[in-house]
Every structure is written in structure tokens, then in C-alpha cells.
Amino acid sequence: MKKNRVIMLIVLALVMTLSVAAKPKVRILATGGTIAGVAASSTSTAYTAGQATIETLIAAVPEIKELAEISGEQVCSIGSQDMNDEVWLKLAKRINQLLNEEGYDGVLITHGTDTMEETAYFLNLTVHSDKPVVLVGAMRSSSAISADGPANLYNGVAACADPDSKGHGVMCCMNNQLIDAKDVIKRHTTDCATFAGGTFGSIGYVYGSKAYYYRQVTARNTVNSVFDVTNVTKLPQVGIVYGYANCSPLPFKAFMDAKFDGIVLAGVGDGNFYKDVFPYAEQAVKDGIIVVRSSRCPTGPTCLNGEVDDDKYHFCASLNLNPQKSRILLMLALTRTHDWQEIQKFFQEY
């Protein structure tokens with residue numbers, strides 16, 4: 001009888017050990033942003049981004065340790081208005097290490113909201129794993145009344161820990177919504193519900209510690225991406241020119257004079273140029289600069305060979321990418337080719 005009891009205790013101990021070990025391993029990479037911001041008071045709208053450390057963020061939401069085996073590291077401490085190529089490359093390389101070499105099941109990135117959509121899309125093209133990579137942030141500082149960061153952090157970890165999140169590419173998890181990196185946009189300057197899918201909407205949501213998906217992303221991403229930044233230390237230079245009525249050609253000319261590798265036009269309507277800018281775009285192509293037409297409209301495609309004959313002028317059309325994401329794809333495309341037709345294929349696939 002005593003022997004049986006000992007065996008039962010041993011079995012129970014093994015079951016408990018296996019249960020603990022079965023928790024997915026999630027690494028949190030902190031970059032700063034409003035989610036780590038601190039204000040002088042709980043009602044102040046003025047705050048300094050990136051003040052709270054990764055340890056503070058984790059300690060503020062102890063419930064995440066019930067979902068996964070949590071660890072974290074501080075990549076940088078900046079407001080995302082200061083996000084740059086150096087941090088992007090560092091993040092991509094580190095995430096590939098964590099998921100492909102160190103056995104992590106998912107990576108969560110805390111990030112400022114200003115450029116979250118750009119970082120998400122860059123990682124969507126440069127992380128080579130089908131394991132979940134999720135970005136979260138906040139619209140209210142960590143010291144504000146009803147700060148939204150803790151809930152976003154919890155939901156983001158829940159998405160990372162959920163086996164159903166595998167194979168959806170890089171996502172943003174904000175205000176309970178799961179939005180794929182290609183489509184996510186920030187629609188409002190201050191509203192907590194600012195993030196949404198632009199043209200196609202969100203792909204799922206988090207409720208009760210569980211991720212639910214109702215749409216599969218079809219554009220190439222992550223494991224299916226050809227873009228490898230393992231040995232890349234510097235990205236090609238690509239600028240964005242904003243289109244408007246009676247638009248001056250000087251910004252476009254400035255990028256040409258600076259010998260940029262590519263120029264994206266945030267054009268009017270279906271990516272149209274103002275008449276005084278068009279000749280400069282033609283000359284830029286002759287000078288070997290890749291020109292991509294996008295649109296300042298928040299949703300809808302910039303159509304290939306629509307009002308502008310792209311084939312005639314050797315322009316590329318961004319299709320369903322907004323200007324800031326077109327810039328990212330063009331930078332990565334230029335690490336592989338300077339052929340405008342090959343680059344157009346990238347815009348059709350990614």
C-alpha cells in the first residue's frame with residue numbers, strides 16, 4: 001500500500017513537471033514607446049516614451065506567466081518616431097535567432113504606435129519562421145488612468161502562446177484585434193481603437209486568453225519570403241514624396257540629387273503625379289532610380305497600368321501597399337535586384 005502511494009506521488013510529480021514544461025516559451029523584446037511611457041500624473045497627456053523597463057512591463061502583468069514561460073530583453077528605449085534601419089535589422093536578426101536557434105515558440109515586441117505598422121511589415125518580410133511574432137503597444141502611457149498597455153500585453157502573449165497563431169505571419173495585437181502586418185494601419189492620432197486592417201480588415205481577435213482567426217493571409221511572408229538580412233548591415237536609401245494639388249517637384253528632385261536608390265510617390269487618387277513632378281519621375285528612371293507609385297488614400301489599391309501607363313514609363317505600382325510599406329518592400333527588393341520588372345513582381349507577391 002505504501003509502495004503504491006509512493007508510485008502515485010512520483011507519477012503526480014512527473015505530471016506536474018511535464019505540465020509546467022509544456023508551457024510555450026515566449027520572449028518579449030522591448031523597444032520603448034508609449035506602452036513604456038511615464039507621465040507626471042495619471043491624468044496628464046504629456047509623457048516621456050520608453051521610460052519603463054522590460055522588467056517593469058512584465059511585473060505589471062503577472063498573469064502572462066500563467067500563459068507561457070516568459071522572459072524578456074531590452075532592445076532599445078525609444079519613441080517609435082525614432083525607429084530606424086539599425087533597430088529593424090537588430091530585431092529581425094534577434095527574432096530569427098530566438099525562433100530558429102534558441103527554441104522559443106513565439107516572440108512579442110513592445111513598440112511605439114507611430115511606426116508600429118512599418119516595423120511589423122519589415123519583420124513580416126525578414127523573419128523566417130512560421131511561429132507567431134506579435135507587436136503590441138499602447139495609446140496611453142503606463143502611468144495613465146485606464147492604461148491600455150497591460151491588456152494589449154496580455155492579449156499579445158495569449159496570441160503568441162496559442163498554437164493556432166502559427167502560420168499567420170507577423171501581426172499586431174491592439175484593442176483585442178489581431179491584424180496582419182501588410183494591412184495594419186494607424187487611423188487615429190489618440191484613440192485607443194486606432195489600429196485596424198486597412199483595405200481587408202483584421203484577421204482575428206483575442207478573447208478569454210484565446211486567439212480566434214477567421215481569415216488566412218495569402219500574401220507571401222516570413223517562411224515564404226526571399227528577403228534575407230542575415231548579413232545586411234545597411235539598407236538601400238528610399239524616400240517618400242507626398243503628392244498634393246499644385247505639388248512642387250523640389251522634394252522629388254532633392255532625392256534624385258542625393259542619389260537615392262528609390263523614390264515612392266504618395267500620390268493623389270490612384271497614385272497620380274502632378275504635371276510638374278512627372279518629368280522628374282521620368283528622369284529618375286533614366287538615372288537608374290526605381291520609382292514606385294502609391295497613394296495617400298488610406299485604403300484601396302494603386303492599380304498597375306491604370307491612369308498611368310507603368311509599363312511605358314517603367315514605374316512600379318504599389319498595388320495594396322501604402323507609401324510607408326511600399327518604401328520597406330522597395331528597400332528590401334533593392335537588396336536583390338534593380339530590375340523594375342522584377343521589383344513589380346515583388347509588389348504583386350508580397
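Reader: On a 1 Å grid over the protein atoms alone, a pocket is an open set of points where a 1.4 Å probe fits, with protein on both sides within 12 Å along at least five of seven lines. What volume does the second largest pocket have?

Author: This is a predicted model, in which local features need pLDDT of at least 70 and side-chain atom pairs count only at pLDDT 80 or more, while totals for chains, interfaces and linings use all residues. Residues are numbered from 1 along each chain as its sequence is written, and side-chain values use heavy atoms, with hydrogens and water left out. A volume is the space filled by probe spheres set on the grid points, which are joined across faces, edges and corners. For the second largest pocket this comes to about 210 Å³.

Reader: Which elements each supply at least two residues of the lining of that second largest pocket?

Author: The lining (residues with an atom within 4 Å of a point) has 14 residues, and those nearest the centre of the pocket are Arg296, Pro298, Asn322, Pro323 and Gln324. Seven of the lining residues are nonpolar (Ala, Val, Leu, Ile, Met, Phe, Trp, Tyr, Cys or Pro), four are charged (Asp, Glu, Lys or Arg) and three are polar (the others, Gly among them). At least two residues each come from strand 9, strand 13 and helix 9 (323–333).

Reader: What is the volume of the largest cavity?

Author: A cavity is a set of grid points where the probe fits but cannot get out, and one of 30 Å³ or more is counted here. Its lining has 19 residues, with Thr199, Pro298, Asn320, Leu321 and Asn322 closest to the centre. Strand 9 (184–186) and strand 15 (290–295) are the elements that give two or more residues to this lining, which divides into ten polar, six nonpolar and three charged residues. The volume of the largest cavity is about 130 Å³.

Reader: How many helices and strands does the chain have, and why is it called as compact as a globular protein of its length?

Author: Helices (H or I, at least four residues) and strands (E, at least two) are DSSP runs numbered from the N terminus, and the chain has ten helices and 16 strands. The C-alpha trace spans about 90 × 45 × 35 Å along its principal axes.

Reader: Is Asn246 buried or exposed?

Author: Asn246 lies in the loop between strand 13 (238–242) and helix 6 (250–257), and has a positive phi of about 60° although it is not a glycine. Buried means under 20% relative accessible area, exposed over 50% and partly exposed in between (1.4 Å probe, protein chains only). At 58% relative accessibility, Asn246 counts as exposed.

Reader: What does Ser209 count as at 31% relative accessibility?

Author: Ser209 is in the loop between strand 11 (204–207) and strand 12 (210–213). Its phi is positive, about 70°, although Ser209 is not a glycine. At 31% relative accessibility, Ser209 counts as partly exposed.
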